[in-house]
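Here's a quick briefing to read with the structure open.

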Amino acid sequence: MDKTIHKKGSFLIMEVAVWDTYVKRSDGKMMHFDIFVPSEISDKSKIQAFGNIYLSSKDFETESLMTSKCNFCHIEEASQDIVNIISEQGFAIFEMENCN
């Protein structure tokens, strides 16, 4: 079992690193979202690649994540939904401001 995953009762619990991210949209609005990854991933270029995958799914243009603010924030236990998403695609996004 991955060292960031442990059992709590019948649930799998994953420790995730939360990366606080801001990206400017072409309309001037600032997007704010968190990127959740397994806590052992600390390579910023990998985090930025995940962010760029997310940005490519948007219907509007944004600056590249490389030129925007993306910083490690903290480590927390992920919800079961986040664990499922990360298990499927390697990362999860929590949208906060101007993401749609």
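**Around T21**

Leaving aside its neighbours within four places in sequence, T21 is in contact with M31, H32, F33, D34, I35, L65, K69 and C70. Keep in mind that this is a predicted model. As for charged pairs, a search of the whole structure turns up two salt bridges.

**More on T21**

- T21 is part of strand β2, which covers residues 11–24.
- T21 counts as buried, because its relative accessible area is 0%, and buried means under 20%.
- The T21 side chain also reaches the backbone oxygen of W19, at 3.2 Å.

**Salt bridge D27 and R25**

- D27 and R25 form one of the salt bridges, and their closest N and O atoms sit 2.6 Å apart.
- R25 is buried, with 9% relative accessible area.
- D27 is partly exposed, at 45% relative accessibility.

**Salt bridge E95 and K58**

- E95 pairs up with K58 in a salt bridge, with 2.8 Å between the closest N and O atoms.
- E95 sits in strand β5 (residues 92–97), while K58 is in the loop between α1 (44–56) and β4 (69–77), so the pair ties together parts that are 37 residues apart in sequence.
- E95 is partly exposed, with a relative accessible area of 33%.
- K58 comes out as buried, at 15% relative accessibility.

Note on methods:
Residues numbered from 1 in each chain as written. Predicted model: local features only at pLDDT ≥ 70, side-chain atom pairs only at ≥ 80, totals over all residues. Heavy atoms only, no water. Salt bridge = Lys/Arg side-chain N within 4 Å of Asp/Glu carboxyl O. Buried < 20%, exposed > 50% of the residue type's maximum accessible area, 1.4 Å probe, protein only. Helix = DSSP H or I, 4+ residues; strand = E, 2+ residues; numbered from the N terminus. Polar contact = N/O pair within 3.5 Å; in protein donor to acceptor, adjacent residues only side chain to side chain. Contact = heavy atoms within 4.5 Å.
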